[in-house]
Amino acid sequence: GDAAYLKLYGSYFQADLEVVQALGRMCYTQVPEELRWRALVWLCGSVCEIEHGGVRTEVDRRLGATRVLDKLTGQHEDKKVQALTPEFRDVLTALNVVLAEDAKSYGWFSTVVDAEKLGLQDYRLVIKTPMDLGTIYQRVLSTSSASNSSVPPYDHQTAAVRDVRLVWNNARLYNGKSSDVGKAATVLEALFEDAYIRARAGELDLLEVAVSGDAGATAA
């Protein structure tokens with residue numbers, strides 16, 4: 001059962017087994033029922049790769065990114081998406097690619113940086129314009145003629161692309177290019193640019209990304 005599955009992988013970190021089990025219970029209280037097993041499998045498989053001291057923060061962050069991805073990509077069939085201009089649809093397609101990879105591998109870029117919770121006292125002094133992928137996604141959707149969202153829409157797709165690039169630049173500026181976050185930003189930056197080029201060329205479509213979950217883009 002679920003408890004045995006958690007215990008199996010939690011044995012890699014005996015001292016943190018209680019934390020891992022608590023995070024497993026969190027899957028039942030914060031994750032929608034239809035996504036619960038997916039979240040549990042992801043949690044258990046990922047714990048093996050996490051450094052001993054950061055289990056709670058790491059898993060909590062990645063689960064947050066997964067919830068954002070599931071919420072946003074669940075809107076693919078929505079009228080708002082169908083009514084997007086081709087230009088904004090291309091941006092949304094590329095965004096889906098990096099949102100999926102962030103949820104799978106990092107979890108740093110999909111939600112607003114909670115500087116207070118993370119103890120980043122100087123974050124707002126260094127980063128003048130915070131930005132995250134989830135906010136960009138919502139603003140792109142707000143451009144749709146079928147949207148009634150209160151989220152301010154973009155005037156042009158270039159503004160949305162500029163904000164995506166700002167996410168990567170902010171990450172490198174605050175954390176350093178050679179940090180784990182900085183390196184992840186560079187990987188996702190290449191992935192986004194490749195996906196955006198392919199989307200604009202008609203080689204990659206939003207529904208293709210949504211159905212397959214893999215755009216086949218490379219970040220090398």
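Predicted model: local features only at pLDDT ≥ 70, side-chain atom pairs only at ≥ 80, totals over all residues.
Which residues does Thr129 touch, not counting residues up to four places away in sequence? Residues are numbered from 1 along each chain as its sequence is written, and side-chain values use heavy atoms, with hydrogens and water left out.

Back to the opening question, then. Thr129 touches Leu166 and Asn170, leaving out residues up to four places away in sequence; contact here means heavy atoms within 4.5 Å. Thr129 sits in the loop between helix H8 (123-126) and H9. Helices are DSSP runs of H or I with at least four residues, strands are runs of E with at least two, and both are numbered from the N terminus. Along the chain Thr129 and Asn170 are 41 residues apart, yet their C-alpha atoms are 8.2 Å apart in space.

Is Thr129 buried or exposed, or something in between? Its relative accessible area is 45%, so Thr129 is partly exposed. The cut-offs are under 20% relative accessible area for buried, over 50% for exposed, and partly exposed in between, using a 1.4 Å probe and protein chains only. Besides Thr129, the contacts of Asn170 include Ile127, Pro130 and Met131.

Now let's step back to the whole chain. There are 12 helices and 0 strands. Of the 220 residues, 45% are buried. Among contacts with a separation of 6 or more, 70% are between residues 24 or more positions apart.

Let me stay with H10 for a moment. Its 19 residues should span 27 Å at 1.5 Å a residue, and the end C-alpha atoms are 28 Å apart, which agrees; the expected span is 1.5 Å times one less than the number of residues. Buried residues in H10 include Gln157, Asp163, Trp168, Asn170 and Arg172. The cover over the buried residues of H10 includes H6, H9 and H11. Just after H10, Gly176 takes a positive phi of about 95°.

With a relative accessible area of 12%, Asp163 is buried. Setting aside neighbours within four places in sequence, Asp163 is in contact with Met131, Ile136, Arg139 and Tyr154.

Next comes helix H11, residues 180-200. At 1.5 Å a residue its 21 residues should span 30 Å, and the end C-alpha atoms are 30 Å apart, which agrees. The buried residues of H11 include Leu188, Leu191, Phe192 and Tyr196, and the buried residues pack against helix H6 (86-105) and helix H10 (157-175). Just after H11, Gly202 takes a positive phi of about 80°.

How do H6 and H11 pack? The angle is about 150° and the axes are 8 Å apart; axes are lines fitted to C-alpha atoms, for helices over the stretch in contact, with angles from 0 to 180 degrees between N-to-C directions. Residues making this contact include Leu95 and Val98 of H6, and Leu188 and Phe192 of H11. By class, the contact has 11 nonpolar, 1 polar and 4 charged residues.

As for Ile136, the residues it touches include Leu95, Tyr154 and Val164.

One last stop is Leu84, in the loop between helix H5 (79-82) and H6. Leu84 counts as buried because its relative accessibility is 9%. Leu84 and Val140 are 56 residues apart along the chain, with their C-alpha atoms separated by 8.5 Å, and Val140 is one of the residues that Leu84 touches. Thanks, everyone!

How values were computed:
Nonpolar A, V, L, I, M, F, W, Y, C, P; charged D, E, K, R; others polar.
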